[in-house]
Amino acid sequence: MIRKGSWVEIHRIILEPESRAAHIPVDTKKVPLELKARGFLLETSEIGKEVSIGTLAGRVLTGTLIAENPGYEHTFGKPISELLAIGEELKNILRKKSSLKK
Amino acid sequence: MRDLKHSKQSYESVMKRRNEIMKSSVGIDYAKFRIGALAYDYEGLLKSTGYTLDKVINIQRQTSVGNTPLVELKNINRLIRKISQPGRGARIFLKDESANPSGSFKDRRASVSVYEAKGRGYPGVAAATSGNYGAAVASQSAKNLLRCIIVQEAFDSRGIAQPEILEKARACEAYGAEVLRLSVGPELFYVFLTVLEETGFFNASLYTPFSVLGIESLGFEIASDVKKRTGKFPEVVVVTHAGGGNVTGTARGLIKAGAHNTEVIGASVDLSGLHMASDRDFNRKSFTTGHTGFGIPFAEWPDRTDVPFNSARPLKYLDRYVTVSQGEVFYITRALAELEGMERGPAGNTSLAAGFAIARDMKSDEILVVQETEYTGAGKHPTAQLNLAKKMGIKVKRGDPAENVPGESIIIPERPEQIRVRDVDLGKLRESYVTRALKNLYKQKKECKKEDIEFLMEDSRANSEMIKRIMNEIFK
């Protein structure tokens, strides 16, 4: 059970594949246009139920409840080995006395 | 959910109302400025808003926008000279636009739009953008205590989001904006129209006069700061080019400062071969802005936007247009951090990668300005973006960036000399623009009059021979 007033995320299909715009790539036309939005739950409910939320702009949106207190999960991630040596390589060029490579 | 197919909210019926929705949401009657079948009174349109450069600067002072540091990249400049022919290697100065309140030059555009919205009594501001502009509009709205809604194209049909866009959604929410995150597709515009219609909010479009005039201060500051520091205007300013506003506003600001001879070079990340409306291609790119997927179509045909006449006219202001690859931009982003102690977002460094290559061919007493940086953070960072690329099966390796294939490989240069710009043929883009404009006229059975030809020449910098030749082909 997720209490009224909780910060949640909802999901909604905006356009089913058959209602999508005419001139879009085939792969895009095969799938629906989906929406995700976050806000405060207006009535106590459960994941998977149709709910209404109050957004930060003061609007009411409806959709399927998909997450309670949804996080910001994006990260920097693991270091990229292909980038790690660049700094030292460039500093080595700066340390060299001669300019152009012959 | 309700069946929207036959309602007033259906795709078709909302799209039919687009002109009236747009008119009331930007508050400009564009029809007043039409002077021919093609011709528009461009300067008249911009002037009619009342935002002179002084007024723009004053508005931006009040919201701490602009007056960003101009940083000479001393170590990068030494590096350039080490790898260039004797007597070559221009000095690069970097305009550190990340010092703006929301971390990018987009604050300049947002500041004027939000000021206009507030002055005209709109209850809030909305913008359709997945980029830094969303954070900028949200930040400026916060400063003005206006409500704000940002509509993003954010994730593909598998629910995989671009890390850069996730970060932008977080930033917008941090500034108190409602964020609508959509899957891939141009019908984002439909959702945006329904938001404007329901809320009566101001449309902070990237393509209104407000948005373009807000950037003039950037070009003006660059010209004045360089002159103060070095006694002359810069020979070259490199501008990251996408929708055309950045090029247009910066070039206009340079002209207003008197820097008539400064060459304006647009730079985009090469994403050729990737379709911008493709669900599959969406996450096969590591740049969500500043790339050719916007840069080329908006140069060829600027009037593909949400307003009847786009105030961003890239062909009118571009002296040269070049591309760089994704790997080259990631490389220079790392170089900027390790040689200059400035960690900045990769997309904003597109013009730095191009500037690095261009400076090598310039004389050592010349000056090149790279016109922006953007903030960096989780998601908006080479590691985040390259981790996604690897997850999507894109090959990431060191090598010669000339071998890069967008959507298949990202080649990180092995040596700085391998950073190279590739010129986009502006003549071809002019030809394409003029052809499309004249074909439209022909289809509408309208005549191309003297004022239209004059407009085309000025707007695209095509010469009269090119226009006459294309006219003869179409109207024969």
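1. In this predicted model, 55 residues of chain B are in contact with 39 residues of chain A; contact requires C-beta atoms, placed from the backbone, within 7 Å of each other. Elements of chain B that each supply at least two residues of the side touching chain A are α5 (74–82), β4 (147–155), α8 (163–174), β5 (178–183), α14 (326–340), α16 (382–391) and β11 (395–399). The largest share, six residues, comes from α14(B). Helices (H or I, at least four residues) and strands (E, at least two) are DSSP runs, numbered from the N terminus. By class, this side of chain B has 26 nonpolar, 12 polar and 17 charged residues. Nonpolar covers Ala, Val, Leu, Ile, Met, Phe, Trp, Tyr, Cys and Pro; charged covers Asp, Glu, Lys and Arg; the others, Gly among them, are polar.

2. Conventions: residues are numbered from 1 along each chain as its sequence is written, and chains are lettered from A and ligands numbered from 1 in the order in which they are written. Local features need pLDDT of at least 70 and side-chain atom pairs count only at pLDDT 80 or more, while totals for chains, interfaces and linings use all residues.

3. Strand pairing also links the two chains: β2 (residues 33–41) of chain A and β5(B) pair in the antiparallel sense over three bridges. Pairing here requires that DSSP finds at least two bridges between the strands. Within β5(B), B:R181 is the bridge partner of A:K36.

4. α5(B) and α14(B) pack with their axes 8 Å apart, at an angle of about 115°. Axes are lines fitted to C-alpha atoms, for helices over the stretch in contact, and angles run from 0 to 180 degrees between N-to-C directions. The two helices are therefore roughly perpendicular, a term for 65 to 115 degrees; under 35 counts as roughly parallel, over 145 as roughly antiparallel and the rest as oblique. B:N75, B:I76 and B:L79 of α5(B) make the contact with B:A335, B:L339 and B:E340 of α14(B). Four of these residues are nonpolar, one is polar and one is charged.

5. In chain B, a mixed, open sheet of seven strands has the order β1-β2-β10-β7-β8-β9-β13. Its edge strands, β1 (70–72) and β13 (422–423), each pair on one side only. β8 (residues 263–269) and β9 (residues 320–324) of chain B pair in the parallel sense over five bridges, and B:S268 stands opposite B:T323 in β9(B). α12(B) packs on the sheet, touching β8 and β9 of chain B, and its direction makes about 130° with that of β8(B).

6. Helix α15 (residues 350–361) of chain B is mostly covered, with 11 of its 12 residues buried. Buried means 20 or more other C-beta atoms within 10 Å of the residue's own, exposed 12 or fewer, and partly exposed in between, with C-beta atoms placed from the backbone. Among the buried residues are B:L352, B:F356 and B:R360.

7. B:L145, in the loop between α7 (132–143) and β4 of chain B, has a positive phi of about 55° although it is not a glycine. B:L145 is exposed, with 8 other C-beta atoms within 10 Å. B:K445 has a positive phi near 55° and sits in the loop between α17 (426–443) and α18 (450–460) of chain B. B:K445 is exposed, with 6 other C-beta atoms within 10 Å. Most residues other than glycine have a negative phi.

Technical notes
Contact = placed C-beta atoms within 7 Å.
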